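Please keep the sequence and the 3D view at hand while reading.

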Amino acid sequence: MEIKGHAAIVTGGGSGLGAETARFLRSRGAKVALLDLDADAASEVAQEIGGIAFACNVSDAKSVEEVVAEAKEKNGPARICINCAGIAPAKRVVGRDGPMPLDDFRQVVNVNLIGTFNVIRIAAADMAAVEPVNESGERGVIVCTASIAAFEGQIGQAAYSASKGGIVSMTLPIAREFARVGVRVVTIAPGLMGTPMMLGFSKEVQDSLAAQVPFPSRLGRPDEYAGLVGQIIENAMLNGSVIRLDGAIRMQPK
Ligand SMILES: NC(=O)c1ccc[n+]([C@@H]2O[C@H](COP(=O)([O-])OP(=O)(O)OC[C@H]3O[C@@H](n4cnc5c(N)ncnc54)[C@H](O)[C@@H]3O)[C@@H](O)[C@H]2O)c1
């Protein structure tokens, strides 16, 4: 499917991978709506690129229903839906202070997994209702963001890995269900990417992480993620898969 002229929703659009993807999609002629818990950050990116921004909690049914409807009013129904909103707190199952509070686990699954599902169900309902854009019957594309922690979670990543593993596992059944309406679903599993989520660590930690990446031995760049999103949208055979974007790193236990 072409990018140009279509409406796009990007969650987590106020920062990191989402912000860069929003910039990329806009530069390719999409009408971009940024959804983020951090409304100021999303507005700043929207202003920069000529998009629209909405304060939104992806894990809240009503919040997403409302902003997707508002975005539809302004840009038309989105044929492109990019899920980047996420959180990555680390905590041991049993730490120095005792067992991990159950609510900590719940919160990560709630934002990363349930939030992604929530956005998909609402965006896909709109996509299914519009006419196909081309002869092959394509109506839209959904991209989700998992993590290599879905496969090689480190100590402290039980909640994060579980949430990202859920995204990996739901990719195929949702792609199979949406095949009937010409909507593709693809998940990207990034490795170590240079975004605010990662750049919060000290330079020493960043360098040591980068050194673990076989080739190229550095953190991934957000524009490399955004470029893959572009390829997924444009390449109609990409569907139902999880694509690692990781320079061949396989994370160690810690
Ligand atoms: N940076 C990495 O190395 C890396 C690696 C693997 C996977 N990922 C995944 O990529 C995605 C983007 O990460 P990033 O590095 O750009 O992080 P980031 O922290 O820079 O951006 C995440 C954005 O999501 C927003 N957000 C958080 N909770 C939200 C909610 N409930 N509703 C709406 N928005 C919410 C934040 O406000 C923020 O703007 C995340 O899902 C993350 O787990 C990142």
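This is a predicted model: local features need pLDDT of at least 70, side-chain atom pairs count only at pLDDT 80 or more; totals for chains, interfaces and linings use all residues.

## Ligand surroundings

A backbone N or O atom of V58 lies 3.0 Å from a nitrogen atom of the ligand, whereas K164 uses its side chain, with a polar atom 2.8 Å from a ligand oxygen. Of the 830 Å² of accessible area that the ligand has on its own, the protein covers 92%.

## Helix α3

Helix α3 comprises the 15 residues 61–75, which at 1.5 Å a residue should span 21 Å, and the computed distance between its end C-alpha atoms, 21 Å, agrees with that expectation. Its buried residues are S63, V64, V67, V68, A71 and N75. Seen down the helix axis, these buried residues fall within an arc of 115°, and they therefore line one face of α3. In general, an α-helix has 3.6 residues a turn, so residues three or four places apart point the same way.

The buried residues of α3 pack against the strands β1 (7–11), β2 (31–36) and β3 (52–55), and also against helix α4 (102–128). On the face turned away from this buried side, α3 carries the exposed residues K62 and E73. K62 also takes part in the capping of the N-terminal end, where a side-chain oxygen of D60 lies 3.1 Å from the backbone nitrogen of K62. After the helix comes G76, whose phi is positive, near 90°.

## Helix α8

The buried residues of α8 are P222, Y225, A226, L228, V229, G230, I232 and I233. The elements that cover these buried residues include helix α1 (16–27) together with the strands β4 (78–83), β7 (140–145), β8 (183–190) and β9 (242–245).

## Two individual residues

H6 belongs to the segment before β1, and H6 counts as buried because its relative accessible area is 15%, which is under the 20% limit. Leaving aside residues up to four places away in sequence, H6 touches M1, G29, A30, K31, R79, I80 and V133.

L172 is found in helix α5, which runs over residues 158–178, and its relative accessibility of 36% makes L172 partly exposed. L172 and N110 are 62 residues apart along the chain, and their C-alpha atoms are separated by 20 Å.

## Backbone geometry

Most residues other than glycine have a negative phi, and most peptide bonds are trans. Against that background, two places in the chain deserve attention. The peptide bond that joins F215 and P216 is cis, with omega at about -5°, and P216 is found in the loop between α7 (203–211) and α8.

A248, although not a glycine, has a positive phi of about 75°. This residue lies in the segment after β9, and at 45% relative accessibility A248 counts as partly exposed.

Note on methods. Residues are numbered from 1 along each chain as its sequence is written. Side-chain values use heavy atoms; hydrogens and water are left out. Helices (H or I, at least four residues) and strands (E, at least two) are DSSP runs, numbered from the N terminus. The expected span of a helix is 1.5 Å times one less than its number of residues. Buried means under 20% relative accessible area, exposed over 50%, partly exposed in between (1.4 Å probe, protein chains only). The arc is that of the directions from the helix axis to the C-beta atoms. Contact means heavy atoms within 4.5 Å. A polar contact is a pair of N or O atoms within 3.5 Å; within protein, one must be able to donate a hydrogen and the other to accept it, and residues adjacent in sequence count only if both atoms are side-chain atoms. Accessible areas come from the Shrake-Rupley method with a 1.4 Å probe; for residues, only the protein chains shown count as cover.
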